[in-house]
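User: Hi! Could you walk me through this model?

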Amino acid sequence: MSIKDLIESKQHTFSFEVFPPKNDPSLEGIFNTIEELKELEPDFISVTYGAMGTSKDKTVEIASRIKNHYGIESIAHLTCVTSSRTELESTIGELRKANIDNILALRGDIPESFDFSNLKDNFSYASDLIRHIRRAENMTIGAACYPEKHIEAISLEQDIEHLKRKVDEGADFLITQLFFDNELFYDYYDLIQKKGINIPVIAGILPVLNKNQTSKIVELSGCKFPSKFTRILNKYHDDPVALKEAGTIYATEQITDLLSWGIKGIHLYTMNKSDTAKRIMGNIGHIRNNLKASSL
Ligand code: FAD
């Protein structure tokens, strides 16, 4: 099913992101995780592509298993900047063959040492990939957006102009980069609405579970930590169990606030950890029921 239709037919969606594991060629571990995530009745699960040093070709296999074996809607991420058009078309063809209707179309990060001299026809931006998919395929297309601006963008305003291009080229919905300050997201949402970006926005939420994660997050995303979050990190940084608990509670509070505000969807960056997803979804079980009941 198209995630666009899914979002239209439901008041709220709850979804998860997983990534292909680096050191598990059998994929047994990730399939166990997905089996556990299935109990939480997600509306869809997304599978990253070549992110975090993982292999690209596992994305199709995992997305296919999610859809065709577990019966959960799936969306495959696809990055374009380091791939030729032939490679991209081959991957899109494999997704089609696997009956996958949804692609999260991304540029991807530009690796420092990548040799672009042999790559003549790659797409430079996600908007180019979106245009390409929209012309050739009847698929639902998601795109990324950045409430605190993309790390390379000169300004938030310019980044939003580029986001508008992705929407004009045919993106059906957006998933945000992780953020820890909901107020920044609400301001961003108002701004993009004013620029005529009216497609559904799904909030990407990352529960912080250990202190190593935090410096990486800032380096990769450039997102800010609000003071109440910094206090938690400072207080529990040398107690992994307490930090995990506090990170889970913080994410729960963020989600509760976003839902009260009226967000259309929550996308949990699970880091392939089903136990945290279970705790967070357990914490908001009645809230989910309430939202379901009020949409009937
Ligand atoms: P774009 O939308 O192309 O934007 C990239 C930069 O270029 C921005 O600064 C933008 O302002 C600028 N720009 C855009 N268009 C133009 C233009 N016409 N002229 C000049 N500048 C322009 N990475 C992975 O490798 N694999 C994944 O699976 C993955 N999944 C992700 C999922 C989500 C929800 C998010 C938020 C990010 C994900 N990423 C993933 C990271 C993403 O690939 C990087 O953030 C990447 O640097 C930008 O990708 P994009 O699609 O947002 O790029």
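Analyst: Happy to. One term to begin with: two strands count as paired if DSSP finds at least two bridges between them. Keep in mind that this is a predicted model.

User: Thanks. What do the eight strands form, and in what order do they run?

Analyst: The eight strands make a closed barrel in the order β1-β2-β3-β4-β5-β6-β7-β8, and the pairing is parallel. From one strand to the next, the twist averages 25 degrees.

User: How many bridges join β3 to β4?

Analyst: Four: they link β3, residues 73-79, with the parallel strand β4, residues 102-106. A76, for instance, has I103 in β4 as its bridge partner.

User: Which strands does α5 lie across?

Analyst: Helix α5, residues 126-136, lies across β3, β4 and β5 (140-145). Its direction is at about 150 degrees to β4.

User: Switching to the ligand, which residues are closest?

Analyst: D109, Y146, D159, H162 and K166 are the closest of the 24 residues that surround the ligand. The largest share of that shell comes from α6, with four residues. β3, β4 and α6 (156-169) each supply at least two.

User: Nice. What about contacts with N or O atoms?

Analyst: An oxygen atom of the ligand is 2.8 Å from a backbone N or O atom of A126, and a ligand oxygen lies 3.1 Å from a polar backbone atom of G108. For Y125, an N or O atom in the side chain is 3.4 Å from a ligand nitrogen.

User: How much of the ligand does the protein bury?

Analyst: The protein buries 87% of the 980 Å² that the ligand exposes when taken alone.

How values were computed: Residues numbered from 1 in each chain as written. Predicted model: local features only at pLDDT ≥ 70, side-chain atom pairs only at ≥ 80, totals over all residues. Heavy atoms only, no water. Axes fitted to C-alpha atoms, helices over the stretch in contact; angles between N-to-C directions. Contact = heavy atoms within 4.5 Å. Near = heavy atom within 4 Å. Polar contact = N/O pair within 3.5 Å; in protein donor to acceptor, adjacent residues only side chain to side chain. Areas by Shrake-Rupley, 256 points an atom, 1.4 Å probe, with all protein chains shown as cover.
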